Amino acid sequence: MTPRGIDGKPSLPGIDWSRGLRYAAGNQALYIRFLKRFPEDRNMENLALALSCGDMESAFVCAHTLKGLSMQLGIETLSGPASALCELLRPRNAAVLPQALALCAQLQALHAQVVCAIQQL
């Protein structure tokens, strides 16, 4: 069972419930449905694959999409690191690949934690 906050909303570490609800126009059922679909999103997986192949363009697109999705859903745990990686990749310069791979590994660990928390809903 998911822990609940004082307001009765699920308490998920690193997720700003209020921000996500604004995205869903205040509709809690809709927001929960959006959150539950987040683990199905393949951008984290595709980002890691693109970086491992040195495909900076695809990596940027995946990082940008992951950043936007996590911001809209209020997943603060991911939105900051995804934003940092997105900005690092924006020039599509292969020289930043080692740093991007390190940031991606950190982001993957955070992503796994978020997915685990969401699956408890």
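Predicted model: local features only at pLDDT ≥ 70, side-chain atom pairs only at ≥ 80, totals over all residues.
A crossing of two helices is termed left-handed if the near helix is turned anticlockwise from the far one by less than a right angle, and right-handed if clockwise. Helices are DSSP runs (H or I, at least four residues) numbered from the N terminus. Residues are numbered from 1 along each chain as its sequence is written, and side-chain values use heavy atoms, with hydrogens and water left out.

The crossing of helix 5 and helix 6 is left-handed. The axes of helix 5 (residues 76–89) and helix 6 (residues 97–118) come within 10 Å and cross at roughly 160°; axes are lines fitted to C-alpha atoms, for helices over the stretch in contact, and angles run from 0 to 180 degrees between N-to-C directions. Helix 5 and helix 6 are therefore roughly antiparallel, the class assigned to angles over 145 degrees. Contact (heavy atoms within 4.5 Å) involves Thr77, Leu78, Pro81, Ala82, Leu85, Leu88 and Leu89 on helix 5, and Gln99, Ala100, Leu103, Cys104, Leu107, Leu110, His111 and Val114 on helix 6. This contact comprises 12 nonpolar, 3 polar and no charged residues, where Ala, Val, Leu, Ile, Met, Phe, Trp, Tyr, Cys and Pro count as nonpolar, Asp, Glu, Lys and Arg as charged, and the others, Gly among them, as polar.

Helix 4 and helix 5 also form a left-handed crossing. Their axes come within 8 Å and cross at roughly 155°, which makes helix 4 roughly antiparallel to helix 5. Among the residues that meet are Phe60, Ala63, His64 and Met71 in helix 4 and Leu78, Ala82, Leu85 and Leu89 in helix 5. By class, the contact of helix 4 with helix 5 contains 11 nonpolar, 4 polar and 2 charged residues.

The largest nonpolar core has 36 residues, of which Leu35, Phe38, Leu47, Leu51, Ile75, Leu85 and Leu89 touch the most other members. A nonpolar core is a set of buried Ala, Val, Leu, Ile, Met, Phe, Trp, Tyr and Cys residues joined through side-chain atoms within 4.5 Å. At least two residues of this core are supplied by each of helix 1 (17–23), helix 2 (28–37), helix 3 (43–52), helix 4 (56–72), helix 5 and helix 6. Helix 6 provides the largest share, 8 residues. Beyond four places in sequence, Ile75 touches Gly14, Ile15, Leu35, Phe38, Ser70, Val114 and Ile118.

Tyr31 lies in helix 2 and is buried, with a relative accessible area of 0%; buried means under 20%, exposed over 50%, and partly exposed in between (1.4 Å probe, protein chains only). Not counting residues up to four places away in sequence, Tyr31 touches Ile15, Asp16, Trp17, Gly20, Leu21, Ala24 and Leu73.

Most residues other than glycine have a negative phi. Ala25, however, has a positive phi near 55°. Ala25 is placed in the loop between helix 1 and helix 2 and is exposed, with a relative accessible area of 73%. Arg92 also has a positive phi, near 55°. Arg92 lies in the loop between helix 5 and helix 6 and counts as partly exposed at 33% relative accessibility.

Conventions:
Parallel < 35°, antiparallel > 145°, perpendicular 65-115°, else oblique.
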